[in-house]
Amino acid sequence: MKKPLNDVVKDIYDEGRYKQFMDYEKQCRTLSLLQLILEALFTCSMVCSPFFEWVSQFSVYQSLLISIVVFMIWDAALSFIMQYYKTFVIEERFGMNKMTKRKFNHEFLIDLVFSFIMSVTFYFLFTYILENITYWTHAFQLSFYKLMGMILGIGILILCLVFIFVYLSFYVMTKQYTFTSLENTELLDDIHKLLTGCKKKVKSIKVYDESKRSNSKNAFVLKLPFFRMIGIADNFLNENSYNELLGVLAHEAGHLKHKRKWYNHVMYFIILVLILFIVFIFYHFQWIQMSMEYINQSFGFVNNVYYLYFIVIDMLIEPILFLVSVFHNYVSRQEEYEADRNVVQEGYGKDLIALFKKLSRDELVDVNPHPFIEFIEYDHPSITHRILALLN
Ligand SMILES: [Zn+2]
């Protein structure tokens, strides 16, 4: 937490709770650093070991499946231990955990199955495309229009798959959380009042059982194609005042009233650049083939090992993804300020500030991170900045 603190957040932590916050931060940081190091060590040792050479004896798709499974087992084991330790040791110690071990295992398993299905689908699709692209394009001797048609076709296919997985992840969420309709009619009336003026109607307002896993408080607007939903953690209903709850919902309504700004259009520009980049790659596909050949010779591969190529591609595009995520975080923070302005307009500014303070204390939130860290990592503004904005 960057010092000195602004006056508006000075009353959040007393000395004892601040000490707990420091302990909690330190333990979480150590754990995530350890996880990063172990992940990197595993990837490095797999690349240096004869694993990929061995796996290259199999057919392209067999070697892909073996690699996915081996990497996933390691990854699952590591994240199981880390998440388990974080939940049942660290969060338990600070009174933030409410999860049972049975529930934890159940949810971990569901997540694992979901990410396995998703990895297999996308890895196999990309491998299939890369294996056959030379044949489909008659060694890239295609007219411009045919090539664009092909890129469009592949693009649409990937987009459809993304939609399917978005809906599937929503389905997985309904298996992990229990969503119940909001019963309180007075509250429902007030929420609908807040929602007047939203372009698209929200019919589904649900409460979910966060109290069975943690003391955390969250609310969200789910915007899927053809489906909109507001979700509220039951912790809000159990522990907060009526007006604080309406403050949160005024914020969510603010998201639904969002007006597009210049930064929303920059995303289209980024997508356009991405498409141009893919077209460029198509025209210079021999570079990709040369790189693959180079890797094959260096490792003494019998067949193509796509999993290793994907690791290399992942490392190469990581810096670009990082920049995109910094921009995405900036956009997200602006939209949070915009949604908070709706709270002030509805007259719940003071209530939301009171809620932020309680919530930060209970959940040991870093209310004043270093501005640089906030800039690159935070998709919500820091509590200090949000309170200052609400007061203005
Ligand atoms: Zn928000």
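**Disulfides, domains and salt bridges in a predicted model**

The structure, a predicted model, holds 0 disulfides.

Reader: Which is buried and which is partly exposed, Cys-160 or Cys-198?
Author: A residue counts as buried under 20% relative accessible area and as exposed over 50%, with partly exposed in between. Cys-160 has a relative accessible area of 41%, so this residue is partly exposed. Cys-198 has 5%, so the buried one is Cys-198.

Reader: How is the chain divided into domains, and how far apart are the centres of domain 1 and domain 2?
Author: Domain 1 is made of two segments, 7-176 and 259-391. Domain 2 covers 179-256. Taken over C-alpha atoms, the centres of domain 1 and domain 2 are separated by 26 Å.

Reader: What is the area buried between domain 1 and domain 2, and which three residues of domain 1 supply more of its share than any other three?
Author: In contact across the boundary are 31 residues of domain 1 and 30 residues of domain 2. The area buried between the two domains is about 2,500 Å², with 60% given by carbon and sulfur atoms. On the domain 1 side, 22% of the area buried against domain 2 comes from three residues, more than from any other three: Lys-98, Tyr-348 and Leu-355.

Reader: Which helix gives the most residues to the side of domain 1 that touches domain 2?
Author: Between the domains there are 2 salt bridges, and 13 residue pairs are in polar contact across the interface. Four helices each supply at least two residues of the domain 1 side: H4 (101-136), H5 (144-176), H11 (306-346) and H12 (349-363). The most, 8 residues, comes from H12.

Reader: Where does Ser-56 lie, and is Ser-56 buried or exposed?
Author: Ser-56 is in the loop between helix H2 (51-55) and helix H3 (60-93). Leaving out residues up to four places away in sequence, Ser-56 touches Gly-300, Phe-301, Val-302, Asn-303 and Val-305. Its relative accessible area is 0%, so Ser-56 is buried.

Reader: How many residues apart are Lys-257 and Glu-346, which link distant parts of the chain?
Author: Lys-257 forms a salt bridge with Glu-346, and the closest N and O atoms are 3.5 Å apart. Lys-257 is partly exposed, with a relative accessible area of 22%, and Glu-346 is partly exposed as well, at 31%. Lys-257 sits in the loop between helix H8 (242-256) and helix H9 (262-283), while Glu-346 is in helix H11; the two are 89 residues apart.

Key: Residues numbered from 1 in each chain as written. Predicted model: local features only at pLDDT ≥ 70, side-chain atom pairs only at ≥ 80, totals over all residues. Heavy atoms only, no water. Disulfide = S-S within 2.5 Å. Buried < 20%, exposed > 50% of the residue type's maximum accessible area, 1.4 Å probe, protein only. Domains from an automatic or database assignment. Contact = heavy atoms within 4.5 Å. Buried area = accessible area lost by both parts, 1.4 Å probe. Salt bridge = Lys/Arg side-chain N within 4 Å of Asp/Glu carboxyl O. Polar contact = N/O pair within 3.5 Å; in protein donor to acceptor, adjacent residues only side chain to side chain.
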